[in-house]
Amino acid sequence: MLRVARHKLYCKNDASDIVQEAWIRILEKRDTLRESDKLIPWAKTITFNLASNANRARRKASSFASEEDYDSVSKTASDPELLTELSDLLGRLDPTTRTLLLYKFYYGFRDEEIAAFLDLPVGTIKSRIHRGKERLRAQDKEDSTRI
């Protein structure tokens with residue numbers, strides 16, 4: 001069950017909590033199991049479903065932690081100078097890197113979704129996004145030293 005939870009969860013640290021919750025559900029609903037020889041698949045299914053629910057709940061909770069976060073982001077996003085500068089910096093990147101950064105930070109796609117869409121490994125997507133952010137920082141630093 002622990003292996004199933006770790007495989008399914010985005011946050012691997014929650015696996016033991018999911019297994020514990022699965023055991024509680026199994027003990028509460030043990031009278032609904034019709035065939036006792038199918039206990040292990042039943043337990044794995046319960047664990048899998050709880051892990052899916054935990055991923056979904058975490059995704060919803062992390063959208064915006066509070067109204068203050070939303071307000072600060074919306075105020076920053078409405079600054080025309082900042083948007084112009086960001087657009088200029090993104091325009092100097094190669095199209096692939098620019099697309100990855102837009103997918104990740106503008107459209108809010110997860111790394112796994114981007115990887116599936118581009119048919120690339122998740123690790124490749126993560127490293128390309130990281131390198132793209134570093135290029136943006138370097139360009140911004142270079143621009144500020146010129147002034």
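Predicted model: local features only at pLDDT ≥ 70, side-chain atom pairs only at ≥ 80, totals over all residues.
1. Overall make-up. The chain contains eight helices and zero strands. Its pattern along the sequence is therefore written α-α-α-α-α-α-α-α.

2. Burial and surface. The chain has 147 residues, and 21% of them count as buried.

3. Contacts along the sequence. Take the contacts between residues at least 6 apart in sequence: 52% of these join residues at least 24 apart.

4. Length of helix α2. This helix covers residues 15-28, which makes 14 residues. At 1.5 Å a residue it should span 20 Å, and its end C-alpha atoms are 20 Å apart, so the two values agree.

5. Which residues of α2 are buried? They are Ala15, Ile18, Val19, Ala22 and Ile26. These residues lie on the same side of α2, because they cover an arc of only 100 degrees around the axis. On the face of α2 turned away from the buried side are the exposed residues Gln20, Leu27 and Glu28.

6. Gln139. This residue sits in helix α8, residues 122-146. Is Gln139 buried or exposed? Its relative accessible area is 16%; buried means under 20%, so Gln139 counts as buried. Leaving aside residues up to four places away in sequence, Gln139 touches Leu89, Arg92 and Leu93.

Definitions and conventions:
Residues numbered from 1 in each chain as written. Heavy atoms only, no water. Helix = DSSP H or I, 4+ residues; strand = E, 2+ residues; numbered from the N terminus. Expected span 1.5 Å × (residues − 1). Buried < 20%, exposed > 50% of the residue type's maximum accessible area, 1.4 Å probe, protein only. Arc of directions from axis to C-beta. Contact = heavy atoms within 4.5 Å.
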